[in-house]
Amino acid sequence: MKTTDGQAVISRKTSAAPASFRTWIAVRQMSFYPWLAGILILLLWQLKLFHRLLKLELYQLPIPSDIWGAFRDQYDLLLNYMGYTGVEIFGGFLVGSLLGFVIAIPASLYPNGGRGGIAMIAMLNAVPIVALAPVMNNWFGDGVASRIGVVSVLTMATMCVNAFKGMTSIDPAYFELMQSYAASKWKVFFKIRLPHGLPNVFAALKINMTTSIIGAIVGEFFYASRGLGYLLSDQIKLANMPLSWACISLAAILGIILYFVVQSTERFFIP
């Protein structure tokens with residue numbers, strides 16, 4: 001056993017190094033297995049295993065090499081439409097999530113009356129996209145704004161309900177302590193409600209990100225003249241399945257990228 005202070009510090013450093021190395025290995029393994037599973041699925045798909053299992057033909061389920069060929073041939077068009085749909089997704093996601101959070105703030109400050117308002121906002125989740133798309137098209141035209149409107153309505157209720165739940169499901173002892181200091185409602189909000197509500201807020205953001213993609217893609221099915229959803233709908237009618245699957249693949253990639261953006265932001269605010 002070391003006896004001097006300097007030797008004790010050196011001993012702690014040497015014992016901490018293997019632990020950090022084991023953590024690094026564990027993180028690498030966690031990211032390695034999903035990649036391995038994805039590559040294995042693509043390989044089995046390319047070898048037509050799923051076609052044999054599900055008795056599908058190539059015109060029903062194109063193999064990855066055909067989808068890549070369609071992507072390579074229409075590279076510029078697909079990336080252009082991906083950016084167009086990305087604006088709709090991200091714009092609607094931001095507007096809807098922000099509105100939902102802003103509505104949840106006064107509801108959490110006055111929870112007895114706020115629960116009624118939250119219940120009314122939650123009813124928006126029952127509105128189908130098929131009904132919402134024509135309404136938004138009538139209000140905002142057939143441009144980007146109408147799909148942003150669709151996505152905003154779809155995401156607002158999820159954020160509102162989750163944020164309200166996170167900012168009100170708190171141990172009463174915290175409020176009793178703040179009352180003993182004569183803290184104002186806003187001080188209680190920033191010191192107690194907001195920190196406790198953050199996990200629910202980020203859970204809602206993750207749900208809203210996937211909902212935004214569905215809302216934007218399906219919204220483009222009806223009145224759009226650009227975007228991945230428009231191209232997907234058009235190419236399915238023409239039975240051009242490789243290009244249709246290229247649209248689906250790009251929408252999935254876009255969703256994964258945006259999901260990781262939300263996850264990285266969560267790690268910043270909730271280490």
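Lys 187 is found in helix α9. Keep in mind that this is a predicted model. With a relative accessibility of 47%, Lys 187 counts as partly exposed, since the exposed class only begins over 50%. Setting aside residues up to four places away in sequence, Lys 187 touches Met 178 and Ile 192.

**The overall fold**

What does the chain look like as a whole? The protein chain has 271 residues, and 37% of them count as buried. Take the contacts with a separation of 6 or more: residues 24 or more positions apart account for 73% of these.

**How α7 and α9 pack**

Helix α9 spans residues 185-223, and helix α7 covers residues 144-168. Their axes come within 7 Å and cross at roughly 160 degrees. Angles over 145 degrees count as roughly antiparallel, and α7 and α9 are therefore roughly antiparallel to each other. The crossing of α7 past α9 is right-handed. Sorted by class, the contact of α7 with α9 has 13 nonpolar, 13 polar and 4 charged residues.

**The nonpolar cores**

Nonpolar side chains tend to be buried together in soluble globular proteins. In this model, the largest nonpolar core has 44 residues. Which residues have the most contacts inside it? They are Leu 78, Ile 89, Phe 101, Met 159, Ala 163, Leu 205 and Leu 228. The elements giving two or more residues to this core are α3 (64-73), α4 (75-109), α5 (111-122), α7, α9, α10 (228-237) and α11 (241-269). Helix α4 supplies the largest share, 10 residues.

Not counting residues up to four places away in sequence, Leu 78 touches Ala 70, Phe 71, Leu 228, Leu 231, Leu 243, Ala 246, Cys 247 and Leu 250. There is also a second, separate core of 6 residues, which includes Ile 129, Met 136, Val 150 and Leu 154.

Is Asn 137 buried or exposed? Asn 137 sits in helix α6 (residues 129-140), and at 17% relative accessibility it counts as buried, because the cut-off for buried is under 20%. Leaving aside neighbours within four places in sequence, Asn 137 is in contact with Asp 142, Ser 146 and Tyr 223.

Most residues other than glycine have a negative phi. Which way does phi go at Lys 48, positive or negative? Lys 48 has a positive phi of about 65 degrees, although it is not a glycine. You'll find Lys 48 in the loop between α1 (5-46) and α2 (49-54), and it is partly exposed, with a relative accessible area of 33%. Ala 239 has a positive phi too, near 60 degrees. Ala 239 lies in the loop between α10 and α11 and counts as exposed, at 58% relative accessibility.

Here are the accessibility values for the residues picked out above.

| Residue | Relative accessibility | Class |
|---|---|---|
| Lys 187 | 47% | partly exposed |
| Asn 137 | 17% | buried |
| Lys 48 | 33% | partly exposed |
| Ala 239 | 58% | exposed |

Notes:
Residues are numbered from 1 along each chain as its sequence is written. This is a predicted model: local features need pLDDT of at least 70, side-chain atom pairs count only at pLDDT 80 or more; totals for chains, interfaces and linings use all residues. Side-chain values use heavy atoms; hydrogens and water are left out. Axes are lines fitted to C-alpha atoms, for helices over the stretch in contact, and angles run from 0 to 180 degrees between N-to-C directions. Helices (H or I, at least four residues) and strands (E, at least two) are DSSP runs, numbered from the N terminus. Angles under 35 degrees count as roughly parallel, over 145 as roughly antiparallel, 65 to 115 as roughly perpendicular and the rest as oblique. A crossing is left-handed if the near helix is turned anticlockwise from the far one by less than a right angle, and right-handed if clockwise. Ala, Val, Leu, Ile, Met, Phe, Trp, Tyr, Cys and Pro count as nonpolar, Asp, Glu, Lys and Arg as charged, and the others, Gly among them, as polar. A nonpolar core is a set of buried Ala, Val, Leu, Ile, Met, Phe, Trp, Tyr and Cys residues joined through side-chain atoms within 4.5 Å. Buried means under 20% relative accessible area, exposed over 50%, partly exposed in between (1.4 Å probe, protein chains only). Contact means heavy atoms within 4.5 Å.
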